[in-house]
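Have the structure open as you read.

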Amino acid sequence: MKIILFLLGLLPLSLWAQNLRNNPTSNHGNKFEQLGTILPDANTYRTASGAPGHQYWQQRADYDIQATLDEKNLVLYGKERITYTNNSPDALAYLWLQLDENQHDPENEANHFNESQLGRRITGRDLERLDVHAEMAGHGVKIKSVTDASGKKLPYTVNQTMMRVDLPKALAPGKKISFSVEWSYRIPDRMRIGGRGGYEKFDDGNIVFTITQWFPRLCVYSDYQGWNHKQFTGRGEFSLPFGDYRVRMTVPEDHVIVGTGECVNYAQVLTKAQQDRWKQAQTATEPVEVVTLAEAVAREKKPASGTKTWEYRAQNVRDFAWGSSRKFVWDAMPVTIEGKKIMAMSAYPKEAYGLYRKYSTKVVAHTLRVYSKFTIPYPYPVAISVEASNGMEYPMICFNYGRTNADGTYSEQTKYGMIGVIIHEVGHNFFPMIVNSDERNWSWMDEGLNTFVQFLAEQEFDYNYPSRRGPAHKITDYMRLPVDQLEPIMTNSENIVQFGPNAYSKPATALNILRETVMGRELFDFAFKTYSTRWAFKHPSPADFFRTMEDASGVDLDWFWRGWFYDIEPVDISLDSVLVLRATPGKLQASTSGNRNPRPRRNNDDDDFVHISQYRNKESGMSFLVDVDTTLRDFYFYYTKAQREEDAEDAQLNPVNPFGGLDTLTAEEFTQGGHVNKYVYELHFSNKGGLVMPIILKWEYEDGTSEIERISAYIWRKDEKEVVKTFLKHKPVKAIVLDPWRETADIDESNHRWPREGENVQPSRLQLYKARAAGRNASQGSPNPMQKRQSPQ
C-alpha cells in the first residue's frame, strides 16, 4: 500500500486514476472491481477478514519518569528509565526514539521547507516569524546522557526529531532491555511559536503549562512497516507502543496537576478540604469543585515559593501528558459505563469558568457514554478536559478551548465550538489512544473516525446541534473544488493541502453515508463495533479497517473505498429525463420530458472481420462439428452476406410492431385485470461527477402523499455513466426529487428535480397486451428470414 500511495505523489491525476481502474477505457468494469492488489496481502499477522492474525505481535515500552518544572526559567528537566520488550520475531540492533520538541529547534528542516509569501498587510509579527533562528533560539531537546542498566553509556545519534540508540548486542525476540535517558528543553511559548504543548502566560503573570510530547518516546516497530521513524513536522501526529507509566512531577507547591492516569499521592499534595471534596465527588450526581474558584484566585494573587511532587500511574497507555498551573479550578463527577465508575473531570482557569463549570465535565461524561456505545466500553479510570486555548488529545487527558468574555457572556459559536472540541478531544481516547492507528501516516484513521463518532455524540447531545462535519451536504463545497486542490483520503498526512476537509470532514462524511445510506445502521454499527473491539490496544492499518467493515457486515464495499478513499471524483448524479406513460387499452405513444439523450445502438456485426481465435483455429486444421456432421447445417449455414444485407434494408423500410403476435386487451379485460390507474415512469440518470452512489428518490403524488425509494449503487455496475430505471406507480406523480435528504454529498442539486421549472408534462398512453401463451413462437410478431424466403437449402 505504501508503494501505491508513493506513486500517487509522482503520477498525474489521470494516470493515478487509471492505476485504480480495471477497465479504464470503458463505461463499466472499473468502479465495482475488487481492490485486489491495492491492499496488502493477508498473512499470519493480519488476516484477510481484517482481524489480527494468530501470530500478531506488537512491542511494549514501560516508563519510569522523573520531571522537574522550572517555572522561573521555563525549562523542563527529566530523567526516564525505559524497559523495552521485543515481541517481534526480529533481532533489533538499535532502537528508535522520538524527540518531538526538536520541532522547535531552529535547525530542524521542518521549520524551513514550507513555502511562505507575504500578505497585503505586513505586521511586525509577520517579520519576526520570518527570522526562524531568532524566533526559536534555544529550543530543542538537550540530551544529557543515554545509559544502560549498569550506567554504561550507550551510543546514540540524533536525526532531527528522531534518535537512534545503538545496542551493544542485538535485542533477541522475546527479550527485554532497560536503559535510561536524561534530558531537558526550554518550554516553548505555544501562543507565539505554536506547538502542541508549552505554556500560556496570562496578563497577571501566571502561567498554564501543557506538558505534551515532552519525553523521549519509543517509535513503533511493526509487522507491516518496521520502524516508523517518519519525522515529526508538526502535522502528522503520533505512532506509539503501549506500556505502563510511573511519573513523578516536581512543580511549584501551589500548582495543581492533572495528567494521564491516576494520582497516587493526593494525601501529600491536596489540602484536607480538597481531599474531602474529592471523596464527595466520587458519588456526586453533579460536578463537585475539588479545587474551588476561590482557591484558584487566591493562589494567583500570591504565588508560593516551594515545590511539591505529584505522582501519577497509568496502565496500558501509549503516552503520558499533563497540565500544571496555580490557576486551575478542578471539578469532577463519576459516570458509569457498563457497571464501571469512571471519573469525568475538568481543569480550567477562571477565564473559562462561566462555560467550563456548566458544561465541560458533563460533556466529558456524555462523550464517554456515546463512544462506549458505538466502540468499546471506556477502559480507563478517568477522563479529563483541560481548558488551555487549544485542542489536543492524549490518553485520559485533553486540552481544549472555551473562554467567556470579561463580563461572563459568550457567543453561541463559542459555546458550540467548545462543546464540539471537548467531544472531539475526549473522543480521541478511543481513536487513536485505544484503537492505536498510525497517525503519522494516516491522519484519517483517527481524525476521520473520531470526527464521525463526534457527530453521533453531538446529535445525541442536542437535536438541533449545529454539527459542522458529518452531514453529507456539508462536504460538497470541498468536493467541488478544482482537482489541483484535492487529494484522496488515502494521502499521507504531510502531503494534504486541504487538511481539515480531507482528514476530518470527508472520511467522517463517508462513514455517515455508509451508516445512513449504503449499509444501514444495524449492519454498520455492528461492523464498526467489531473493528473497534478487534483492534483495541493494537495497531490497525487502513486495510484492517476496510476488511473488517466488509467481513462483519457481509456488504461488498470495495466500490465505496475506491470512490471515497482512493479517488477524488465528486458525486454528481443527474436526473436527465423522465418518460411518463399511463396504461390504457389503446395504442402505445411514447413521449419524454427532460433532455434525454438516447444511447447509441451497439454495432458488433462485422462478417468480414476474422478474429485471432478464428484464424488460429483454422490454421491449426481444427475439424468443426458442422463439417463432420452435416446434418447440423440449416438455413442459416447457407445464409449469405448479400441476403443478410437485403433483409436488413427491408426491415428498416417496413418496421414491424414490436409487440407483434400479442393481442391487445379489450376495455373490459383491461378493467377486470386491475390495470386501471397504473402509471409507468422511465427515469434516465447520468453520472456527471464520477463517484457512484445509491439513487434515492422521493415520489410526490398528486394526492399530496409521498414516498422514498432507494436503489443500491450497484445499479451503476454495468454502466458507470448512464443508467435507466423504470417504475410502476398506482397513482399519478406530481414531482420526483433525487436525493431529497441530501445524503449522498451531491455537488449539484440543480438537476435533481422533475419536472423542471415551468415544464408541463402529460403522460403518454401505454398499450397493454395479453400475455403470450407458453410455448408460443417467440418470433411470431414478424417474419424471420427463414419464413420470408421459405427456401431452406
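This is a predicted model: local features need pLDDT of at least 70, side-chain atom pairs count only at pLDDT 80 or more; totals for chains, interfaces and linings use all residues.

Take Phe560: leaving out residues up to four places away in sequence, Phe560 touches Ala510, Ile513, Leu514, Val518, Phe565 and Met693 (contact means heavy atoms within 4.5 Å).

## A look at Ser505

Ser505 sits in helix 13 (residues 499-518). Ser505 counts as buried because its relative accessibility is 11%, and buried means under 20% relative accessible area with a 1.4 Å probe, protein chains only.

The Ser505 side chain makes a polar contact with the side chain of Arg469 at 3.0 Å; such a contact is a pair of N or O atoms within 3.5 Å, where one must be able to donate a hydrogen and the other to accept it, and residues adjacent in sequence count only if both atoms are side-chain atoms. Not counting residues up to four places away in sequence, Ser505 touches Arg469, Ile475 and Gly500.

## The whole chain

The protein chain has 21 helices and 32 strands, taken as DSSP runs numbered from the N terminus (helices: H or I, at least four residues; strands: E, at least two). Buried residues make up 53% of its 793 residues.

## Reading notes

Residues are numbered from 1 along each chain as its sequence is written. Local features need pLDDT of at least 70 and side-chain atom pairs pLDDT 80 or more, while totals for chains, interfaces and linings use all residues; side-chain values use heavy atoms, without hydrogens and water.

Terms used: Buried means under 20% relative accessible area, exposed over 50%, partly exposed in between (1.4 Å probe, protein chains only).
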